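Colleague: I am new to this structure. Please show me how to read its features.

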Amino acid sequence: MGRLRLPPLPTIREIIRMYGLRAQKQLAQNFLLDENLTDKIVRCAGSVKDSVVCEVGPGPGGITRSILNAGAKHVTVIEKDHRFIPSLQLLAEASDGRMDIIHGDVMKFSMDGMFPTELSKVDIIGNLPFNVSTPLIIKWLQDLSTGDGAFSNRNTRLTLTFQKEVGERLTADVGDPQRSRLSIMAQNFCEVKHCFTIPHTAFVPKPEVDVAVVHFIPRINSIIPCSFKVIEKVVKCLFQYRQKYCKRGVELLFPFDQPELVNDVFDYTGIDPSTTPMWLTMEDFSRICQVYTSICQRYPAIRYYEYR
């Protein structure tokens with residue numbers, strides 16, 4: 001087996017200077033130069049020694065170095081910005097064959113078949129641009145729900161960065177004012193843990209907000225036994241009126257001239273219609289989704305109804 005640690009290399013700050021790299025505001029790029037922090041992000045994934053790792057948005061390669069130095073068996077990086085490819089190639093050449101580079105957009109890139117099912121653990125790690133993080137985690141949760149893409153291997157775990165407020169939404173528990181659509185979608189499919197917060201001053205250039213590091217472990221069975229599409233639709237409607245009674249949100253699921261279907265939801269679930277969405281438990285959402293699915297089976301046209 002090759003060496004576990006990289007040979008001496010220029011620092012990330014020196015790499016940025018050598019290749020004339022600048023973070024592009026339109027791509028919401030921010031560099032993390034502190035090796036102690038990149039090491040800490042990798043530790044949040046658990047031990048990656050002898051593991052297969054995919055890093056998304058590696059930029060100049062700060063976290064990539066920490067992954068390789070932690071003893072990963074193999075690292076695949078997916079980078080959209082061509083300007084970073086030369087600095088990543090420098091790392092690949094120093095990695096003793098443990099690193100591959102994919103030049104592409106992770107939002108469009110198919111991960112089907114990327115991780116063999118026999119692997120006991122796969123880690124996806126990334127310091128994501130703020131404008132990509134939320135749509136990407138929703139995309140991955142949908143893949144997880146069907147076992148597609150990176151999640152054809154059920155042992156795939158995620159360690160990702162988000163704006164602090166988004167991280168708080170992802171992990172918000174019942175009654176937390178930050179509880180939202182994102183909370184329910186993430187917690188339905190994964191155990192979600194806020195690992196630590198990185199101050200905005202640690203990045204170059206400095207973003208306006210602090211950054212949360214969040215770890216996701218996929219559940220063997222999701223809490224809500226319904227399709228992703230149904231769960232997303234129900235949760236979206238319920239949080240449309242997050243400060244009002246949940247009955248207002250349920251009403252959005254049905255045509256205004258069929259109020260009896262709204263009553264059916266509360267009759268069959270036993271949920272108090274005056275409860276606000278942030279006080280609904282995961283089990284409450286599960287019951288609502290299951291009753292909604294049952295109603296759609298009785299009245300197929302309801303499935304296609306959109307309130308706007």
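Modeller: We take the pocket, then some backbone angles.

Modeller: This is a predicted model, in which local features need pLDDT of at least 70, side-chain atom pairs count only at pLDDT 80 or more, and totals for chains, interfaces and linings use all residues. Residues are numbered from 1 along each chain as its sequence is written, and side-chain values use heavy atoms, with hydrogens and water left out.

Colleague: What volume has the largest pocket?

Modeller: A pocket is an open set of points on a 1 Å grid over the protein atoms alone, where a 1.4 Å probe fits, with protein on both sides within 12 Å along at least five of seven lines; lining residues have an atom within 4 Å of a point. Here the volume, the space filled by probe spheres set on the points, is about 550 Å³. The lining has 33 residues, and Q29, G57, E79, N127 and P129 are the closest to the centre.

Colleague: Which helix or strand gives the most to that lining?

Modeller: Helices (H or I, at least four residues) and strands (E, at least two) are DSSP runs, numbered from the N terminus. α5 gives the most, with 3 residues.

Colleague: Where is D50, and is D50 buried or partly exposed?

Modeller: Partly exposed lies between buried (under 20% relative accessible area) and exposed (over 50%), with a 1.4 Å probe and protein chains only. D50 sits in the loop between α2 (35-43) and β2, and counts as partly exposed because its relative accessibility is 45%. Its phi is positive, about 65 degrees, although D50 is not a glycine.

Colleague: Which peptide bond is cis?

Modeller: The one from V204 to P205, with omega near -10 degrees. P205 belongs to the loop between β8 (203-204) and β9 (211-218).
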